[in-house]
Amino acid sequence: MQPSSFSCGHVAFVGAPNAGKSTLLNRLLDHKLSIVTPKPQTTRKKITGIYHDDRSQIIILDTPGIMDPQQSLHESMLEITRRSLRESDVIVALIPFQKGDEPFDRKFASELIEQWVKPAGKPFVIALNKADLVPEETVKEVQTEIMSTYKPVATLALSALTGGNIPELVELLRPLLPLDEPLWPDDILSTEPERFFVGEIIREKIFLQYGREIPYSTEVVIDEFKEQHENDPSRKELIRCSVIVERNSQKQIIVGQKGAAIKKLGQAARKEIEELLDRPVYLEIFVKIRPDWRKKKNLLKSYGY
């Protein structure tokens, strides 16, 4: 293969919470890398996924959703998104279709493109996600409107959920990537360590299992990650983690009656962690109270924000 026929570079996915950025990343990689739940603000940190084929390597930066910050945690999440835009070679702005009178949120789309995407000064593609929600003629009308209003390199209607037009997105991005050889070996799906994904799995199960404010007021910290001993492969890997909450009432909800809720959480998380690591683990979950941790910059920094 001639080096000039290969393309490689960094692509940032940006959009509102629940625009489908993480679902799109997982669909592109054909692997569940980013956690996905129906609740907004599931993604809190940048997740790097690496797409490989014989003509390209796309290093995808999945970013927290853009929203009005209510506290220091949100401000830290938005700073992660800003940094990802600076690090990228190309930006994919996700604008989801919606059912109802308006096919998409024009006000947010304008804010996303004019305040976030264009100031970054990078080539950008607008991906109209959830195209399966609206009629085909609406898709074409919106594409024409988006192209004339924002003038991206291209616009593409797709469905991250069903996989519609995903190969076409790769074809659009390939000529925009600046490098002519890969940065990573082709067997690597992410640059994040295993313990990062272990924490994310536990956080996903909290989002899915608990309601109301619990998912948003919790953080997961991996305290200990001991690998199997070479001399005794039958010994399970030990993972100790802390679920951080803000109030004692939240701790009681996480633990549940006679510990039933935290036991259920541990079972669901351990099953998926073992699938990820492909080895048995012993998972211990503790709950710690850190009042107003989402507002305290020193705590946020220690949690990786």
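Glu204 and Lys205 are both buried. Their side chains meet in a salt bridge, with N and O 3.2 Å apart. Glu204 also forms a salt bridge with Lys32, where the closest N and O atoms are 2.7 Å apart. Lys32, Glu204, Lys205 and Glu272 are linked in a network of salt bridges. The model described here is predicted.

## Domains and their interface

The chain is divided into domain 1, residues 7-176, and domain 2, residues 194-303, according to an automatic or database domain assignment. The C-alpha centres of the two domains lie 29 Å apart. At the interface, 20 residues of domain 1 are in contact with 21 residues of domain 2.

Domain 1 and domain 2 bury about 1800 Å² between them, and 55% of this is on carbon and sulfur atoms. On the domain 1 side, Ile35, Lys39 and Arg44 lose the most area to domain 2, together accounting for 33% of what that side buries. The interface of the two domains is crossed by 3 salt bridges.

## Other salt bridges

The count of salt bridges comes to 25. One of them joins the side chains of Lys46 and Glu87, at 3.1 Å from N to O. This pair links distant parts of the chain, with Lys46 in the loop between H1 and S2 and Glu87 in helix H2, 41 residues apart. Lys46 counts as partly exposed at 25% relative accessibility, and Glu87 is partly exposed with a relative accessible area of 39%.

Another salt bridge is formed by the side chains of Asp53 and Arg174, at 2.6 Å from N to O. Asp53 lies in the loop between S2 and S3, and Arg174 in the loop between H5 and helix H6 (194-209), so the pair ties together parts that are 121 residues apart in sequence. Asp53 is partly exposed, with a relative accessible area of 24%, whereas Arg174 is buried, with a relative accessible area of 6%.

## Helix H1 and Asp30

In helix H1 (21-29), 7 of the 9 residues are buried, so the helix is largely enclosed by the rest of the structure. The buried residues are Lys21, Ser22, Leu24, Leu25, Asn26, Leu28 and Leu29. They pack against S1, S2, S3, S4 and helix H5 (166-173).

H1 is followed by Asp30, which is found in the loop between H1 and strand S2 (47-52). Asp30 is not a glycine, yet its phi is positive, at about 55°. With a relative accessible area of 72%, Asp30 is exposed.

## Helix H2

Helix H2 comprises the 16 residues 72-87, which should span 22 Å at 1.5 Å a residue; the end C-alpha atoms are 23 Å apart, which agrees. The buried residues of H2 are Ser72, Leu73, His74, Ser76, Met77, Leu78, Ile80, Thr81, Ser84 and Leu85. These residues pack against strand S1 (7-15), strand S3 (56-62), S4, H3 and helix H9 (297-302).

Buried in H4 are Thr138, Val139, Val142, Ile146 and Tyr150. Seen down the helix axis, the buried residues of H4 fall within an arc of 100°, so they line one face. They pack against strand S4 (90-96), helix H3 (106-117), strand S5 (124-129) and strand S6 (154-157). The face of H4 turned away from this buried side carries the exposed residues Glu136, Glu137, Lys140, Glu141 and Thr144.

Lys151 follows H4 and has a positive phi, near 50°. Lys151 is found in the loop between H4 and S6, and counts as exposed at 62% relative accessibility. Leaving aside neighbours within four places in sequence, Lys151 is in contact with Phe124 and Ile146. The C-alpha atoms of Lys151 and Ile126 are separated by 9.4 Å, the two residues being 25 residues apart along the chain.

## Lys258

Lys258 is placed in the loop between helix H7 (248-255) and helix H8 (260-277). Although Lys258 is not a glycine, its phi is positive, at about 55°. Lys258 counts as exposed, at 86% relative accessibility.

Methods: Residues are numbered from 1 along each chain as its sequence is written. This is a predicted model: local features need pLDDT of at least 70, side-chain atom pairs count only at pLDDT 80 or more; totals for chains, interfaces and linings use all residues. Side-chain values use heavy atoms; hydrogens and water are left out. Buried means under 20% relative accessible area, exposed over 50%, partly exposed in between (1.4 Å probe, protein chains only). Helices (H or I, at least four residues) and strands (E, at least two) are DSSP runs, numbered from the N terminus. The arc is that of the directions from the helix axis to the C-beta atoms. Contact means heavy atoms within 4.5 Å. Buried area is the accessible area (1.4 Å probe) that two parts lose on being put together, summed over both. A salt bridge is a side-chain nitrogen of Lys or Arg within 4 Å of a carboxyl oxygen of Asp or Glu. The expected span of a helix is 1.5 Å times one less than its number of residues.
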